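Good morning, and thank you for coming.

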Amino acid sequence: MTWHPEAVPDAHGKTVVVTGANAGVGYFASEQLAAAGAHVVLACRSQERAEAAVSAIRRRVPGASVEATPLDVSDHASVAGAAAALLERERLDVLLLNAGIVHAPADRAVDARGNELVLSTNVLGHFQLTALALPVLERTPGARIVTLGSLATLLARFPLDDLQLDGSYTSWKAYAQSKIAAQVFGFELDRRLRAAGADIASVVVHPGYSTSGRTPGIRGVNQPSKVKRFADNLQAAWTQGKDHGAWVPVRAALDPEVRGGDFLGPRWVTKGVPARALATPTTRDRAVGERVWALLEEYSGQRFPLGR
């Protein structure tokens, strides 16, 4: 199937939760899913920014069915509360794991549980949320979990022997390694779902090289400066806006031909319409998946109700 972003499949009757949906790829994926008819729940840390995003979607998508719910993926209690709220829903068709730190801090920081902050935000919180929300996904026929990876996974090679980066922290390594671990989680999750006979697909995606300076300006959501616009447009040959980057997770969420274990990205790697892509061997490695899964359970303090 050739994917045409202008002809997204109808999503009426579906409920989609998007973490970190108040800006960037998460916002535009939410807007596009709402335009397709889905009921979209924006799970965000900042109530003010979430409300701005909800208002923007309602302005831009007449009749949009959208709401916000609080979620700080780096806060164990916040994740547990958000998951409890999800379990009260009748259905959850898509859980889009998008929230994360892109610009990692220069110095190593930790969350309240002592976990390195980028790992906590980009991986551990989503691991906990998915584990706790599994029952509502299980009772929704054909549910999907979409994990947002990164182009960085194609550029970096780390052995994943120090996920907490206790003695080797750099901002680049924190971000890239967390995204490698996120993709490892997404692929290992699919293997475990299939082994358990669950009717849930786990799909991994990356949005290419998507920049705010090439993204439509939206009040309260994306307001890049003129300098940012100018600088980002100098890279137009190999970049795209975050609205185009959002096409990839939207396809993963709605395309009936997408299957669990698929990896999607822009057709031309950094930009373009969404297509099937090649993930690095590390992220698909079963042994790596088992080892990282055990560490995610240990660090998050969350047992996942799926065996091997």
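Let me start with burial. Buried residues make up 57% of the 308 residues in the chain. Here, buried means under 20% relative accessible area, exposed means over 50%, and partly exposed lies in between, with a 1.4 Å probe and the protein chains only.

A word on the source is needed. This is a predicted model, in which local features need pLDDT of at least 70 and side-chain atom pairs count only at pLDDT 80 or more, while totals for chains, interfaces and linings use all residues. Residues are numbered from 1 along each chain as its sequence is written, and side-chain values use heavy atoms, with hydrogens and water left out.

Now to the overall form. The chain has ten helices and ten strands; these are DSSP runs numbered from the N terminus, helices being H or I with at least four residues and strands being E with at least two. The C-alpha trace spans about 45 × 45 × 40 Å along its principal axes. Why does the radius of gyration of the chain agree with a compact globule? Because a compact globule of 308 residues would have a value near 19 Å, and the chain has 18 Å. That radius is taken over C-alpha atoms, and the globule rule is 2.2 Å times the number of residues to the power 0.38.

Contacts are the next point. Of the contacts in the chain with a separation of 6 or more, 74% are between residues 24 or more positions apart; contact means heavy atoms within 4.5 Å. As for the surface, the accessible area of the chain comes to about 12900 Å², and 52% of this belongs to carbon and sulfur atoms. Such areas come from the Shrake-Rupley method with a 1.4 Å probe, and for residues only the protein chains shown count as cover.

I turn to individual residues, beginning with the loop between strand S5 (143-148) and helix H5 (171-195), where Leu163 is found. Leu163 counts as buried because its relative accessibility is 3%. Not counting residues up to four places away in sequence, Leu163 touches Leu119, Gln177, Ala181, Leu295 and Tyr299. Ala56 is 107 residues from Leu163 in sequence and 37 Å from it in space, C-alpha to C-alpha.

The loop between S5 and H5 also holds Leu165. With a relative accessible area of 1%, Leu165 is buried. Its phi is near 50°, a positive value in a residue other than glycine.

Val269 also has a positive phi, near 70°, and is a residue other than glycine. Is Val269 buried or partly exposed? Val269 counts as partly exposed, because its relative accessibility is 42%. Its place is the loop between strand S9 (263-266) and strand S10 (274-276).

In helix H5 we find Phe185, which is buried with a relative accessible area of 2%. Leaving out residues up to four places away in sequence, Phe185 touches Leu97, Phe127, Thr130, Thr147, Trp293, Leu296 and Phe304. Between Phe185 and Ser202, 17 residues apart in sequence, the C-alpha to C-alpha distance is 9.5 Å.

Next, the loop between strand S3 (65-70) and helix H3 (76-87) contains Asp72. Apart from neighbours within four places in sequence, Asp72 is in contact with Arg45, Ser78 and Val79. Asp75 is in the loop between S3 and H3 as well, and is partly exposed, with a relative accessible area of 34%.

Finally, I come to empty space inside the model. Rolling a probe the size of a water molecule over the atoms shows where empty space is left. How many cavities of 30 Å³ or more does a search of the whole structure find? The search finds one. On a 1 Å grid over the protein atoms alone, a cavity is a set of points where a 1.4 Å probe fits but cannot get out, and lining residues have an atom within 4 Å of a point. Grid points are joined across faces, edges and corners, and a volume is the space filled by probe spheres set on the points. The largest cavity has a volume of about 40 Å³. Its lining consists of Thr153, Ala156, Arg157, Phe158, Ile180, Thr280, Thr282 and Thr283.

Definitions and conventions
On a 1 Å grid over the protein atoms alone, a cavity is a set of points where a 1.4 Å probe fits but cannot get out, and a pocket is an open set with protein on both sides within 12 Å along at least five of seven lines; lining residues have an atom within 4 Å of a point.
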